[in-house]
Amino acid sequence: MNNKQRALNLIGMAQRAGQLTSGESLVLKAIRSGQAKLVVLASDASDNARKQFLNKCEYYDVVIDTSFSREEISHALGKERIVCALLDKGFVHSLQKLL
């Protein structure tokens, strides 16, 4: 198992632990409220979504990662998503070590 697959497994684990939020409106809310510690945005997200999340994350000083495709994120979460946010520093630290 490579690091990319381990990272996707970690994202799925964070969701099961209740330490992840997904979906555009929920992630934007988490960024604004300061809950989001790291945002994972699909590398093949639309230009509009990409611009919106890059600007929000820059403004609120949230780390953003675009290492995964829409298909990979959706598979890890078990539902169709282009963006998710990790809410726990422990999961963020573990994910950053893998990327």
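Which residues does Arg 81 touch, not counting residues up to four places away in sequence? I put this question to a predicted model, in which local features need pLDDT of at least 70, side-chain atom pairs count only at pLDDT 80 or more, and totals for chains, interfaces and linings use all residues. Residues are numbered from 1 along each chain as its sequence is written, and side-chain values use heavy atoms, with hydrogens and water left out.

**Entry 1. Arg 81**

I found that Arg 81 touches Ser 22, Gly 23, Arg 70, Ile 73 and Ser 74, where contact means heavy atoms within 4.5 Å. I placed Arg 81 in the loop between H4 and strand E4 (83–86). Helices (H or I, at least four residues) and strands (E, at least two) are DSSP runs, numbered from the N terminus. I noted a relative accessible area of 25% for Arg 81, which is therefore partly exposed. On this scale buried means under 20% relative accessible area, exposed over 50%, and partly exposed in between (1.4 Å probe, protein chains only). I also looked up the distance from Arg 81 to Val 27: they are 54 residues apart in sequence and 11 Å apart in space, C-alpha to C-alpha.

**Entry 2. Ser 74**

I then turned to Ser 74, which lies in helix H4. Ser 74 counts as buried, at 9% relative accessibility. Leaving aside neighbours within four places in sequence, I recorded contacts of Ser 74 with Lys 79, Glu 80 and Arg 81.

Beyond its neighbours within four places in sequence, Leu 8 is in contact with Phe 68, Glu 72, Ile 73 and Ala 76.

I next examined the helix pair itself. Helix H1 (residues 3–16) and helix H4 (residues 70–77) pack at an angle of about 45 degrees, and their axes are 8 Å apart. Axes are lines fitted to C-alpha atoms, for helices over the stretch in contact, and angles run from 0 to 180 degrees between N-to-C directions. H1 and H4 are therefore oblique to each other; angles under 35 degrees count as roughly parallel, over 145 as roughly antiparallel, 65 to 115 as roughly perpendicular and the rest as oblique. I listed Lys 4, Leu 8, Ile 11, Gly 12 and Gln 15 in H1 as meeting Glu 72, Ile 73, Ala 76 and Leu 77 in H4. By class, the residues of this contact divide into 5 nonpolar, 2 polar and 2 charged. Here Ala, Val, Leu, Ile, Met, Phe, Trp, Tyr, Cys and Pro count as nonpolar, Asp, Glu, Lys and Arg as charged, and the others, Gly among them, as polar.

**Entry 3. The H2–H3 contact**

I looked up a second pair, helix H2 (residues 24–33) and helix H3 (residues 47–59), which pack at an angle of about 15 degrees with their axes 10 Å apart. That makes H2 roughly parallel to H3. In H2, Glu 24, Val 27, Leu 28, Ile 31 and Arg 32 meet Gln 52, Phe 53, Lys 56 and Cys 57 of H3. I noted 5 nonpolar, 1 polar and 3 charged residues in the contact of H2 with H3.

**Entry 4. The whole chain**

I recorded 5 helices and 4 strands in the protein, following the pattern α-β-α-β-α-β-α-β-α along the sequence. The C-alpha trace spans about 35 × 25 × 20 Å along its principal axes. Buried residues make up 40% of the 99 residues.
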